[in-house]
Amino acid sequence: MYTQGLDSLGKDCLRDEAQVGGALERRFQAHIDAEDKIEPKDWMPDAYRRTLVRQISQHAHSEIVGMLPEGNWITRAPSLLRKAILIAKVQDEGGHGAYLYSATETLGVSRDELVGQLLEGKAKYSSIFNYPTPTWADVGAIGWLVDGAAIMNQIPLCRCSYGPYARAMVRICKEESFHQRQGYDIMLRLSRGTPAQKDMAQQALNRWWWPSLMMFGPPDADSKHGVQSMRWKIKRFTNDELRQKFVDFTVPQAEFLGIRVPDPQLSWDPAAGHYRHGPIDWNEFEQVLKGNGPCNRERLEARRRAHEEGRWVRDAAVAWAAKRAGSAAPRAALTLLRRNHERRYA
C-alpha cells in the first residue's frame, strides 16, 4: 500500500526557495522525460498533483455513475446468461471506481471528500452517462461504443507518468476489453435478428454515436489542460488524435453489423488514410456537463439515495472496528445500528 506521506521538504528547510524549487521542478521533469514513474512519496509540483486529483477523481466518479445506465437492465435482460454477464460488468465498474479512488487517495485526498464532492454536484463525471437507455440495444451500444471509446482513452493511461494511476489502468483496461466485446456481441445478435431487432440496434447507434465522440473531450484548440498534461506524460495523445483513432476503428465495425453511422458527412479520405466525420455539437456537450442533460438529476439522485441507504453499513464497520479495539461505547452504537437495520428490512 502507498503511504499518504509525501516528501517532508518544506519552506523551513529551503534557504533559497525559488532556487531550490526550480531545481526540484527540473529534476521532476527529467524523471518524466526519462519515462520514470512518479510515486506518491516523490516530490511533485502542486499543479501536477491538482491535475491528477481532478482527472483520476473524475474518472472514478464516471465509473461509479456509469453503473446506473445499464444497472436498470439487469432484471430485464433477455436471458439468464445475459443477466449474469451484465451483473459481472456492472460489478467490474464498481471495482474500477474503487481502484481509482484508492489511486487518488495516494495524492493526499480522502475518499470521503471525493465522494462528497460528487454527491454535492461539485465534481464532474463523463457526460455520456447522463443519457437514457430505453431499450436492450442501448446496453449493447454502451458496451460497444462507450467502453470502446474508454479503451481508446485508457490504454495510453497504462503508461501515465504517475505510477498508481498507471498500474490501476492495467487491470481496468483488461476488463474494459471484455465489456466492449460483450456490447458488440449484443449488437451483432440484434443486427442479425428480425427487422425489428436490427432497427433497435440502429436506433441505439443513432443515440450513442455523437455522445461517444464527445467522450474524448473538447477539440484540442479548446482543451485547457491538454498541452501541460502531455508534457507531464499524464496523457500520451491529444483529444482529437484519440477521437480519430476511435472513428477509424469503429466505422468498419458498424459496416460489418450492417447498420449506418448517423453522420451524413462521414467519408473516407484516402490521402490521409482516415475517416472524416461531420461537426460535433459542442453546445450539447457543454449543456450536459453543466447539469442540463437528459438524466443528470436522475443520476445524482440515484447516487445520493444509494449513499444514504448504505450509511448503516459504513457506520457498522466503524463501530465493529472500534469494538474489536476494545472500546465499550461502540457496542451500544453497534446494537442501535443492528436494530435500525432490522426495522428497515422487517
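Which residues are buried in α12?

1. Basis of the model. This is a predicted model, in which local features need pLDDT of at least 70, side-chain atom pairs count only at pLDDT 80 or more, and totals for chains, interfaces and linings use all residues. Residues are numbered from 1 along each chain as its sequence is written, and side-chain values use heavy atoms, with hydrogens and water left out.

2. Helix α12. N296, R299, L300 and A302 are buried in α12. Buried means under 20% relative accessible area, exposed over 50%, and partly exposed in between, with a 1.4 Å probe and protein chains only. Helices (H or I, at least four residues) and strands (E, at least two) are DSSP runs numbered from the N terminus. The buried residues of α12 pack against α2 (46-65), α3 (67-71), α5 (111-119) and α11 (282-292).

3. Helix spans. Helix α12 (residues 296-309) has 14 residues, and its end C-alpha atoms are 20 Å apart, which agrees with the 20 Å that it should span at 1.5 Å a residue. The expected span is 1.5 Å times one less than the number of residues. Helix α13 (residues 311-324) also has 14 residues and reaches 20 Å from its first C-alpha to its last, close to the 20 Å expected. G326, with a positive phi near 100°, follows α13.

4. S62. This residue is in helix α2 and is buried, at a relative accessible area of 10%. Its side chain reaches the backbone nitrogen of S126 at 2.7 Å. Leaving aside neighbours within four places in sequence, S62 is in contact (heavy atoms within 4.5 Å) with Y125, S126 and F129.

5. V90. Helix α4 (residues 80-105) holds V90, which is buried with a relative accessible area of 9%. Apart from neighbours within four places in sequence, V90 is in contact with M67, E70, G71 and I74.

6. H31. Helix α1 (residues 17-33) contains H31, and H31 counts as partly exposed at 35% relative accessibility. D36 and I38 are its contacts once neighbours within four places in sequence are left aside. H31 and W232 are 201 residues apart along the chain, yet their C-alpha atoms are separated by 9.9 Å.

7. Aromatic rings. The whole structure has 10 aromatic pairs. Rings of Phe, Tyr and Trp (its six-membered ring) pair if their centres lie within 6.5 Å; planes under 30 degrees apart count as stacked, over 60 as edge-to-face and the rest as tilted. W144 and Y184 form an edge-to-face pair, at 5.7 Å centre to centre and 65° between the planes. W144 lies in helix α6 (residues 136-154) and Y184 in helix α7 (residues 163-191), so the pair ties together parts that are 40 residues apart in sequence. Both W144 and Y184 are buried. F28, W43, Y48 and W232 form one aromatic cluster.

8. Cysteines. With a disulfide taken as a pair of cysteine sulfur atoms within 2.5 Å, the count is zero. C173 is in no disulfide, and the nearest cysteine sulfur, that of C158, is 3.8 Å away. C173 is buried, at a relative accessible area of 10%.

Conventions. A polar contact is a pair of N or O atoms within 3.5 Å; within protein, one must be able to donate a hydrogen and the other to accept it, and residues adjacent in sequence count only if both atoms are side-chain atoms.
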